[in-house]
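Good morning, everyone. Please look at the sequence and the model on the screen while I talk.

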Amino acid sequence: MTVPPTIGVLALQGDVREHLVALERLGVPTRSVRLAEDLTGLDGLVIPGGESTTIGRLAERFGLLHPLRSALADGLPTLATCAGMILVAGAIVEGDQPLLGALDVVVRRNAFGRQNESFEMDLDVKGLDRPFHGVFIRAPWVEKVGSDVEVLARVGDRPVMVGSGRIVATSFHPELTDDSRIHRLWMEDAGG
């Protein structure tokens with residue numbers, strides 16, 4: 001009998017509950033991550049959407065930045081959504097905030113506009129057999145993709161889902177739908 005992976009959700013701010021629900025729909029054991037010791041024994045990590053500057057500063061305050069950087073550098077499978085995409089980036093176009101630097105991309109925050117310019121649309125996602133309904137809220141996009149990063153979905157010519165190694169990052173919020181295919185695809189690709 002195969003033991004399901006234990007997935008942690010970074011629980012400092014943002015769509016924590018929504019990711020926990022999405023993973024529970026898949027029958028995956030979950031754990032909230034608030035402290036460095038909460039990373040021990042995880043098979044994967046979700047960095048949720050929310051406010052990237054706040055999440056980064058709270059991670060710094062709670063002594064999580066270095067442990068998170070180390071865990072991602074050591075290959076911990078990670079799904080980063082919206083603000084999470086910003087946090088895992090190597091660089092951002094504007095602003096000053098803590099970054100994990102785990103994904104060779106340059107990200108533009110709030111690239112599609114402010115809250116009232118949020119939108120939803122169906123996306124063709126590499127690895128999925130039918131479109132995924134993306135929810136974009138003050139969403140970033142990827143300005144520059146490193147040579148080892150694969151673009152998995154686009155809005156126009158802008159990458160909105162990318163992956164490299166065991167890290168997948170989305171501009172949109174898969175946790176805000178009843179469709180768990182992005183979570184499942186990430187876990188399958190990460191070896192879960």
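First, a definition: helices (H or I, at least four residues) and strands (E, at least two) are DSSP runs, numbered from the N terminus.

Now the ground rules. This is a predicted model, where local features need pLDDT of at least 70, side-chain atom pairs count only at pLDDT 80 or more, and totals for chains, interfaces and linings use all residues. Residues are numbered from 1 along each chain as its sequence is written, and side-chain values use heavy atoms, with hydrogens and water left out.

How confident is the predictor? pLDDT is its confidence in each residue, from 0 to 100. The chain has a mean pLDDT of 92, and 96% of its residues reach 70 or more. Among the elements, strand β4 (residues 78–81) has the highest mean, 98. Helix α5 (residues 181–189) has the lowest, 89.

Back to helix α1, residues 16–25. Which residues are buried there? Buried means under 20% relative accessible area, exposed means over 50%, and partly exposed is in between (1.4 Å probe, protein chains only). In α1, the buried ones are Val 16, His 19, Leu 20, Ala 22 and Leu 23. They cover an arc of only 160° around the axis, so they lie on the same side of α1. That arc is taken from the directions from the helix axis to the C-beta atoms. Arg 17 and Glu 24, on the other side of α1, are exposed. Here is the general rule: an α-helix has 3.6 residues a turn, so residues three or four places apart point the same way.

Next, the sheets. Two strands pair if DSSP finds at least two bridges between them. Seven strands form an open sheet, in the order β2-β1-β3-β4-β12-β11-β10, with mixed pairing. Its edge strands, β2 (30–33) and β10 (150–155), each pair on one side only. On average, neighbouring strands here are turned by 20° against each other, direction ignored. For angles, axes are lines fitted to C-alpha atoms, for helices over the stretch in contact, and angles run from 0 to 180 degrees between N-to-C directions.

Where does α1 go? It packs on this sheet, touching β1 (7–10), β2, β3 (44–47) and β4. Contact means heavy atoms within 4.5 Å. The direction of α1 makes about 165° with that of β1.

Look at β3. Both of its faces are covered. Gly 44 and Val 46 on one side, and Leu 45 and Ile 47 on the other, are all buried. β3 pairs with β1 in the parallel sense over three bridges, and Leu 45 is the bridge partner of Gly 8. β3 also pairs with β4 in the parallel sense over three bridges. There, Ile 47 stands opposite Ala 80.

β4 and β12 (residues 167–170) pair in the parallel sense too, over four bridges. Thr 78 stands opposite Ile 167. In the loop between β4 and α4 (83–88) sits Cys 82. Its phi is near 55°, a positive value in a residue other than glycine. Cys 82 counts as buried, at 4% relative accessibility.

One more sheet. Three strands form it, open and mixed, in the order β5-β6-β9. β5 (89–92) and β9 (141–145) stand at the edges, each with a single partner strand, so one side of each has no neighbour in the sheet. Between β6 and β9 the pairing is antiparallel, over four bridges. Val 106 has Lys 144 as its bridge partner in β9.

Note on methods. pLDDT is the predictor's confidence in each residue, from 0 to 100.
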